[in-house]
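Subject: Structure handover

Hello,

Here is the structure I promised to pass on. Please open it first, then read the notes below.

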Amino acid sequence: SSENSIKQSSSETKSNLPTYYYSAEGSGMMFDIIERYNKYCKRNGEYENQIELVKFDSDKVMYDKLSTEIMAGGGPDIFSLDLILPFEKLIGNGSLADINELIKNDTDEDKINLDEYNKAIMNAGVFDGKRYIVPMLYNFDIMISSENILDKFSVEYKQGDSLIYSTLGEKFKNYFANPDGFSFLTSDDSRHGRKSVFYKFLNDYVDFENKTTDFDTDEFRNSLDVMSEIYRNSTEENYIILDNDNKDVEWGESKNLMFDASFSDCAAPRIIERLYRSNFVGHIEKPVIFNGLSRTENSGKAYMQCAVAINNNSKHKGTAFKFVKYLLSERTQEYYTGILSGSDYVGDTSAIPVRNEAFELNKKLGLNECDDYGNTIKVHEDYSDFTKVYINMLKNINKVSIYPNGNFSYYDLNVLKSNVDDYLDSKISKEKFIRQLTSSTSIYLNE
């Protein structure tokens, strides 16, 4: 694929094309998308619309360069949200372009009509009326357990229940009284593993737009106790990682796991019934879906899985914007959510398209599941309530994060991490942890 793409080392950057930076240590999904886009441009004779992929030898070299260039009013033309950059700060200091202006001034026939996209997800990239971030794909923050596990601990529940930090202790009181060798979460680095969930919990008490925190409140203090206990109870010693082929072992009973990230992370209509067939059908328990952990009742949470921004200092805003339009096009949306015939992502994606038309097709294929050979598989009646609740929850998303994981953002890794590590390792007290959270976050927000 390299011969079909424009790639340069960091010392050879051209000036006539928009640039995108990546590291030899890991290029990410956006790199693959840009390679595909460049091939698309070449096929259509639009050589001038290609994006120059600028390679750095390591993450450190790349981020040092990014930091220096951005401070000097430079940097790449296109940012991907999987870069570890302080995007809240970049928005505040005017480093990112207002995409609304580019949309408004676009005279092409394929002009973006925002009514054709999921409003809640798209608006998560809008700050003070300006659209700085454009999501291409998103995912749904849910937690999945099973009836037999919840019943074991006499947890009251219904499909679609909220999981609220301040009431977790009461809702799962029998579990906390005697965890009985059960993990609450997995101990890995998945989106719904213990570390990611703990960082997302901390982020929920920060208002980045208004530059305030709620760490010094009774609600946070009490919730911190429960979330810390969940973190410490979620260890590999408490559950068994099963081989996918071990079909005779029943999920839940043998895993000793309240919420399995391998199910909670895979949240998209296209695969929801396939997920049933491979993991639930034939087992004695029934899956139960919850809204992801949050501060309030009925908080429908989602996160951007793939998103971009344009450098406000770019000399190639118009060309970079053509790439944004490509990301939002019907064909691209269907390709990267596995619903376009011939897509490399068929059956292998958990992303949800932001384009309404692609979403509806995604949903249709999910509810009337076809296998990878095109054969229709009837949805099992026993799971219809789960599916209906799931789709209804998708319609009621009201809180969207620009980051896909906890322990992922610049704030998490450069502001919180050392304090979090010390606290979870019991090196500092709860009160000192709260003081340090408040102080370091305030400095970050206001510097």
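This is a predicted model. My notes cover a cavity, a pocket and one glutamate.

Start with the lining of the largest cavity. By class, 5 of its residues are nonpolar, 2 are polar and 3 are charged. The lining residues are Asp-141, Met-143, Tyr-165, His-192, Val-197, Lys-200, Phe-201, Gly-292, Leu-293 and Lys-301. Helix H9, residues 194-203, gives the most, with 3 residues. The space inside is about 60 Å³. A search of the whole structure found 1 cavity of 30 Å³ or more.

Next, the largest pocket. Its space comes to about 1400 Å³. The lining has 47 residues, and Glu-88, Phe-127, Phe-208, Ile-402 and Tyr-403 lie nearest the centre. By class, the lining splits into 24 nonpolar, 10 polar and 13 charged residues. Helix H3, residues 87-92, supplies the largest share, 5 residues.

Last, Glu-170. You will find Glu-170 in helix H7, residues 168-171. Is Glu-170 buried or exposed? Its relative accessible area is 52%, so Glu-170 counts as exposed, the cut-off being over 50%. The side chain of Glu-170 makes a polar contact with the side chain of Lys-173, at 3.2 Å. Val-226 is 56 residues away from Glu-170 along the chain, and the C-alpha atoms of the two are separated by 9.9 Å.

Over to you.

Best wishes

Conventions. Residues numbered from 1 in each chain as written. Predicted model: local features only at pLDDT ≥ 70, side-chain atom pairs only at ≥ 80, totals over all residues. Heavy atoms only, no water. 1 Å grid on protein atoms, 1.4 Å probe; cavity = no way out; pocket = protein on both sides within 12 Å on 5 of 7 lines; lining within 4 Å. Points joined across faces, edges and corners; volume = space filled by probe spheres on them. Helix = DSSP H or I, 4+ residues; strand = E, 2+ residues; numbered from the N terminus. Nonpolar A, V, L, I, M, F, W, Y, C, P; charged D, E, K, R; others polar. Buried < 20%, exposed > 50% of the residue type's maximum accessible area, 1.4 Å probe, protein only. Polar contact = N/O pair within 3.5 Å; in protein donor to acceptor, adjacent residues only side chain to side chain.
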